[in-house]
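Visitor: I would like to learn how to read a helix and a chain contact in a model. Can we work through one together?

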Amino acid sequence: MAKIKLPVRSPRIDMTPMVDLFALLLTFFMLTTTFRPQEPVNVDTPSSISDKLNPTSNVMTLLISKDDKVYFNLDNGKDSSKHIRIEVLENVGKQYKLKFTPEQLSKFEKMASFGMPITKMGDWIDTKDEKVRHELEKNGIPMDSTDNQLAMWILFARKANPDAEAVIKGDQEADFKVVKKIMDIVQAAKINKFNLITNLEKVEVKLENK
Amino acid sequence: MAEIIANEGGGKKKGKKRPKKHSTSIDMTPMVDLMCLLLTFFMLTTAFSKPKVMEIVLPDPPKINDPTPPKIPGWRTVNIIMDGKDKIYYYVGIADPTHPPIPVLIETDYSKDGIRKILLNRNKNLFKQMEDLNSEVTKGKLNISRDSLTKRLRELKSKDAVGPIVLIKATDKAKYKNVVDIIDEMAITNVARYAIVDLNLFEKKLLKKKKRELGINDSDK
């Protein structure tokens, strides 16, 4: 019996369309991307119907985690040549008689949210190990009445950038007591407007005809 | 050896000198690999939707030499008390032990048939006006810009004289989500006036009594 011979096909596939598609998608993502800022904790925000966009600059963000820890972040403002973050860190450090090296300061400028007692700030900036950094951050910024470092941060952030808006990114499960306390601290710095970060959720409401 | 040389020589002599024919297709696999990698990277790091924010403006904290705050008509005030475990109560009027009748706390919930229905019913007048204005614009009957629409909506809100004044009160056990939900409910039902205030002592007593009636154990967390 004769063997059935399958026609030999070339194993090569023409990949051009695939490459085309990839190139297209890649360009799209590269152009539209805004990097997701790194945050020390995952925060699950509540939802609301508000569709106002979060301001992108001149903000100080207060991150409130599920277990009521507070983290702080501020940006360099519209004009990054002012080095607002450096100024704030220097001023807060002065209050606690801490000095930071120029390297530490410039490194701090590029970092995002933080949450640790100011005494541990130096270690936090210097460490390269993600785990160590996480360990340092597990307690958030102290804000009890004897040592209210959060108030200090907010005060100096406000001083360095008077246009800064307060943005609160709280977790659904965070206690309102803590949020209220933070709002009071912010209000003490003469900011009465708060932006609460929420997820968009559409709701239809109709008035019943009676 | 000699043979090879002869062969080469023969080759040269024979045909014309022709450049070697290259295949026109390039192996694109490495390029595809790289693109795949970059694509995945960008897809994962990108924050697609910009976060949305809800704006609230709180009044200045009262100062020592402030004039006494204006009296709020009792029939307009709706007090919402939020407790832990997603419990919510409301009462109408002012709870003042020296001015009976003492209002009764009513239990409700965060659903659309709960607190929303109550607020919507009390805010019917304003809600209707705003709805009408909105629908006129969307239907194209009224041609005004978005800015002037928001301005007119705000005017309607500030002119409102019959709608409820909502006092939002959260106990220590309330979650952040509850408060955001209630403020959101204000936006949904177009309530013009609301404020976040603290519970007073008498209200705490009322709440305790109500919870005892409902058989909710207060001590558990």
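Visitor: Which are the buried residues of H6(B)?

Guide: Bear in mind that this is a predicted model. A residue counts as buried if 20 or more other C-beta atoms lie within 10 Å of its own. In H6(B) the buried residues are Tyr176(B), Lys177(B), Asn178(B), Val179(B), Val180(B), Asp181(B), Ile182(B), Ile183(B), Asp184(B) and Glu185(B).

Visitor: Why is H6(B) largely enclosed by the rest of the structure?

Guide: Because 10 of its 13 residues are buried. An α-helix has 3.6 residues a turn, so residues three or four places apart point the same way.

Visitor: What span does H6(B) reach from its first C-alpha to its last?

Guide: H6(B) covers residues 176-188 and reaches 18 Å, close to the 18 Å expected at 1.5 Å a residue. After the helix comes Asn190(B), with a positive phi near 55°.

Visitor: Do S8(A) and S1(B) pair in the parallel or the antiparallel sense?

Guide: Antiparallel, over 6 bridges, with S1(B) spanning residues 52-57. Within S1(B), Met54(B) stands opposite Leu196(A).

Terms used:
Residues are numbered from 1 along each chain as its sequence is written. Chains are lettered from A and ligands numbered from 1 in the order in which they are written. This is a predicted model: local features need pLDDT of at least 70, side-chain atom pairs count only at pLDDT 80 or more; totals for chains, interfaces and linings use all residues. Helices (H or I, at least four residues) and strands (E, at least two) are DSSP runs, numbered from the N terminus. The expected span of a helix is 1.5 Å times one less than its number of residues. A residue is buried if 20 or more other C-beta atoms lie within 10 Å of its own, exposed if 12 or fewer, and partly exposed in between; C-beta atoms are placed from the backbone. Two strands pair if DSSP finds at least two bridges between them.
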